[in-house]
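Here is a brief report on one protein chain. It starts with the fold and then turns to the ring contacts.

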Amino acid sequence: MASIPEVPKPPFGGVRGLLRPLAIPLSGLTAYRQRMETIANNIANIDTINGPNGTPYRRQVALLEQRLNGGVRVAGIQEDQSDFLMEYDPGHPAADDLGYVLRPNADMHVEIADMMSTQRRFEANATCVEAANAMVRRDRDDQRGRNWRLSTARNRYRPGSMQETFRPPSGQS
């Protein structure tokens, strides 16, 4: 007796197939949230002149990389190796012999511009997630409606169904 060959399943069928369009914008949401946290950390430490190792705070940068299956991820957080800023303030306790104080290499204007850019990218990915959710919801509702219509059509003319058992009161036609 010959065996029946199995029908191959689609690579992304069922629920997994419905959620696939969400993978790319969700990865963007995660990556840009981490990037915003890094920028917020830079802004919070913009005046920290004595860090844990005795040097001013170094600006941090989130490095993003493209994923093979689409989307983006944070590859790592790297310290910006640019020079510290020097400010002349001879009365400051951290001033050197010449009166200069080393300041963090983070610039408020650059951080705000980076934050605005990252926020816009985050919002664009959030809009994609909302659109994909709406499509999945609409598809689910259409499927429910189709099933209801099919079950109603199947039961319409069966003996004992609502259509046959309903009879108008006597005297009315």
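## Fold and ring contacts

Read from the N terminus, the elements of the protein chain follow the order α-β-β-β-β-α-α. That makes three helices and four strands. The model is predicted.

Next, the chain as a whole. The protein chain has 173 residues, and 22% of them count as buried. Its accessible surface is about 13200 Å². Carbon and sulfur atoms hold 55% of that surface. Take the contacts with a separation of 6 or more: 51% of them join residues 24 or more positions apart.

Now the aromatic rings. Searching the whole structure turns up one aromatic pair. Its members are Tyr 88 and Tyr 100, with ring centres 5.4 Å apart. Their planes meet at 65°, and over 60 degrees counts as edge-to-face, so the pair is edge-to-face. Tyr 88 belongs to strand S3 (residues 85-88), while Tyr 100 belongs to strand S4 (residues 100-103), so the pair ties together parts twelve residues apart in sequence.

How exposed are the two partners? The table gives the values for each.

| Residue | Relative accessible area | Class |
|---|---|---|
| Tyr 88 | 54% | exposed |
| Tyr 100 | 34% | partly exposed |

Tyr 88 is above the 50% cut-off for exposed, so it counts as exposed. Tyr 100 falls between 20% and 50%, so it is partly exposed.

A charge also meets a ring. Which ring lies under the charged end of Arg 58? It is the ring of Phe 84, and the charged end sits 4.3 Å from the ring centre.

Methods: Residues numbered from 1 in each chain as written. Predicted model: local features only at pLDDT ≥ 70, side-chain atom pairs only at ≥ 80, totals over all residues. Heavy atoms only, no water. Helix = DSSP H or I, 4+ residues; strand = E, 2+ residues; numbered from the N terminus. Buried < 20%, exposed > 50% of the residue type's maximum accessible area, 1.4 Å probe, protein only. Contact = heavy atoms within 4.5 Å. Areas by Shrake-Rupley, 256 points an atom, 1.4 Å probe, with all protein chains shown as cover. Phe/Tyr/Trp six-rings, centres within 6.5 Å; stacked < 30°, edge-to-face > 60°. Lys NZ or Arg CZ within 6 Å of the ring centre and 35° of its normal.
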